Amino acid sequence: MKDIVIDESWYRRLPGLPEFVSAGGIVVRQENKRAYIALVSSNRQKQHILPKGHVDPGETIEEAARREIEEEAGLSELSLVADLGYRERLDFAKTCWKKTHYFLFTTTQIQGNPTDPYTAYQLHWFPLDELPPLFWPEQKELIESNREQILQSLDLL
């Protein structure tokens with residue numbers, strides 16, 4: 001397996017930056033004794049990402065994750081398996097510190113109808129062992145470090 005090189009400048013918190021909290025998750029389903037991961041892409045961003053986004057005022061972290069997954073991937077039939085913790089990094093413009101909470105969900109839903117009002121996302125399913133390059137290296141690391149838990153959640157271990 002190829003080593004993942006991470007640009008560590010994204011992971012240093014500079015003084016005085018505001019914090020932005022977001023939430024999302026790994027959504028998995030089983031097909032023919034294989035685990036599939038829900039990833040999204042858009043016309044603006046061809047590389048794949050896990051669905052995630054901002055937390056609205058009054059929303060719990062889990063509610064935000066479910067809403068963002070429904071908006072970006074069009075998946076609403078989710079069963080919570082685990083809270084996977086959070087990842088921190090600078091945002092893309094390096095102007096805000098982002099703290100993203102991730103959850104592990106299972107679903108039997110195959111088709112999604114993304115409704116994100118800002119970006120035209122498309123849902124894609126990839127086998128766990130054949131993931132494409134992801135835009136954020138920490139998302140790939142999140143999936144790989146939870147591989148056993150993902151397989152257990154689908155009774156594939």
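I opened this predicted model at isoleucine 37 and looked up its contacts, leaving aside neighbours within four places in sequence. I found Ile37 touching Ile26, Val27, Val28, Leu50, His124, Trp125, Phe126, Leu128, Leu131, Ile143 and Ile150.

Next I looked for the second, separate core. I noted that it has 18 residues, with Val27, Ile49, Ala65 and Trp136 among them.

Then I turned to the largest nonpolar core. I counted 19 residues there, and Ile37 turned up again, listed with Ile26, Leu50, Ile143 and Ile150 as having the most contacts inside this core.

I found about 570 Å³ in the largest pocket. I wrote down 24 lining residues, and those closest to the pocket's centre are Arg44, Lys52, Glu72, Lys98 and Tyr121.

Which elements each supply at least two residues of that lining? I found strand 1, strand 3 (52-54) and helix 1 (61-73). I marked helix 1 as giving the most, with four residues.

Last, I sorted the lining of the largest pocket by residue type. I got ten charged, eight nonpolar and six polar residues.

Note on methods:
Residues are numbered from 1 along each chain as its sequence is written. This is a predicted model: local features need pLDDT of at least 70, side-chain atom pairs count only at pLDDT 80 or more; totals for chains, interfaces and linings use all residues. Side-chain values use heavy atoms; hydrogens and water are left out. A nonpolar core is a set of buried Ala, Val, Leu, Ile, Met, Phe, Trp, Tyr and Cys residues joined through side-chain atoms within 4.5 Å. Buried means under 20% relative accessible area, exposed over 50%, partly exposed in between (1.4 Å probe, protein chains only). Contact means heavy atoms within 4.5 Å. On a 1 Å grid over the protein atoms alone, a cavity is a set of points where a 1.4 Å probe fits but cannot get out, and a pocket is an open set with protein on both sides within 12 Å along at least five of seven lines; lining residues have an atom within 4 Å of a point. Grid points are joined across faces, edges and corners, and a volume is the space filled by probe spheres set on the points. Ala, Val, Leu, Ile, Met, Phe, Trp, Tyr, Cys and Pro count as nonpolar, Asp, Glu, Lys and Arg as charged, and the others, Gly among them, as polar.
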